[in-house]
Amino acid sequence: LVGSERCIRDRGSVLKLEDRLRITAQLVDAGDNFHLWSDSYDRTMDDVFAVQEEIAGAIAGELQVSLGLEEGGALTAPIADLDAYEMYLTARARMRERGPAVLEAVSLFEEVVARDSTWAPGWAGLAQAYSLVPFYTPGSVTEDIGPGAWGPALEAAEAAAVRALVLDSRVAGAEVALGNVFRDRWEWDEAEAHYLRALEIDPDDVEAHQQYAEMLAGIGREDEALRSARRAVALDPTSAIRLNALGYILQQNDRLEESIPVLELAIVHGAEFPMPYESLSRAYRSLGDLEESERWNRQDYIPRLGFDAATEKAWDRQAAARYEAFRNRDVEAYQACCTELSLPGDYALLGDTVRAIEALRDRYRDRPRYNANALNPIWRPEFDDIRDDPRFQKVFDEILEHAGLAGAQLKRAPAGE
């Protein structure tokens, strides 16, 4: 509890048999595991919202007695429509899955707010789902889908988040959504303020930790990003999306080998989620294990992109050609074969500083300001050997200036953290 010298945890369980519920709730002193308070409630499903409010009130009252806290603000009112609440829970589960399920989450959240437009968590969930849509638009995995897919989604997310906060100023999810909106418009100070506000409201909001971590990774604060990503995984250890973010941020911190088991675990928990395959392929390529790199890229990652057979074969041919180009350290062959797969960092790995810098400049020249993840490559370890080259530094500084990050420095976590 913020402002208290004691740390109090809530515990409980819910048993359901047909339409009957038995709910137990406990307060435990985390310092010595001493039970401060407990109670049980037998109710029907029709009473679920009433008992939720009753338990919350009992806990709040007990905390005031045991800790001497002053009367708190009003509790968030539960939604009265049980069907809408089930839709809300389903929508949150779909949003956690990511991928095409995000669009399903949007539809469910829209139905929730249509049934009750006065319930702030519904609007907050809708705002978060809207903010994720561009990342899971068809084509977003293999290419930059362009600003046209971002503008409407971010505007809708902002409007829904503001609506939620008008209804309830302490809805962490709405602050997370606004953080996402400003982050992906490259308005960094505003984004950070909203993420920190979300974590002030709810220090254990897993989306706040993960999305904040991704913003920090995009602006070079990799040490802080790593701490936030680890916290997100601690809160949600079986989520492929949380594990993938941690794996990628480990790579940003030049911990390629450490990232591999994390990314493999992400695939265990979400084999259909494509990002960990790409990150694994890149990690092995950077480590010089080309066979393993192309195995992940060609055999595992590519078939999950939803290509038709002809496109998949063409992509596979390019992947095979890239493998041969890397194996032979042949920059000319790489440039000739890899029109779709070409990455500035690959030229750096192949030892061609000039092409690496040119490719980096071409990638960011006149780029519209959207999608914070697009900035991740400039901080990757592939460029570490040429960061002090004046030619690289000139292009790097131009990119930072364009991104509103002039003067930003790469900060990585110290060894052992």
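The model is predicted: local features need pLDDT of at least 70, side-chain atom pairs count only at pLDDT 80 or more, and totals for chains, interfaces and linings use all residues. Residues are numbered from 1 along each chain as its sequence is written, and side-chain values use heavy atoms, with hydrogens and water left out.

The chain contains 18 helices and three strands. These elements are DSSP runs numbered from the N terminus (helices H or I, at least four residues; strands E, at least two). Of the 417 residues, 50% are buried. Buried means under 20% relative accessible area, exposed over 50% and partly exposed in between, with a 1.4 Å probe and protein chains only. Contacts (heavy atoms within 4.5 Å) were examined between residues at least 6 apart in sequence, and 55% of them join residues at least 24 apart.

Helix α3 covers residues 101-115. Its 15 residues should span 21 Å at 1.5 Å a residue, and the end C-alpha atoms are 21 Å apart, which agrees. The expected span is 1.5 Å times one less than the number of residues. Buried positions in α3 are Ala-101, Val-102, Ala-105, Val-106, Leu-108, Phe-109, Val-112 and Val-113. Their cover includes α2 (82-97) and α4 (120-132).

Two packed helices are described by the angle between their axes and the distance between the axes. For α3 and α4, the angle is about 155 degrees and the axes lie 9 Å apart. The pair is therefore roughly antiparallel. Angles under 35 degrees count as roughly parallel, over 145 as roughly antiparallel, 65 to 115 as roughly perpendicular and the rest as oblique. On the α3 side, the contact is made by Val-102, Ala-105, Val-106, Phe-109, Glu-110, Val-112 and Val-113. Helix α4 supplies Gly-122, Trp-123, Gly-125, Leu-126, Ala-129, Tyr-130 and Leu-132. These contact residues comprise eleven nonpolar, two polar and one charged. Here Ala, Val, Leu, Ile, Met, Phe, Trp, Tyr, Cys and Pro count as nonpolar, Asp, Glu, Lys and Arg as charged, and the others, Gly among them, as polar.

Trp-186 is not a glycine, yet its phi is positive, at about 65 degrees. Trp-186 sits in the loop between α6 (172-183) and α7 (188-201). Its relative accessibility is 2%, so Trp-186 counts as buried. Asn-371, also not a glycine, has a positive phi of about 65 degrees. Asn-371 lies in the loop between α17 (353-364) and α18 (390-402). With a relative accessible area of 12%, Asn-371 is buried.

Technical notes
Axes fitted to C-alpha atoms, helices over the stretch in contact; angles between N-to-C directions.
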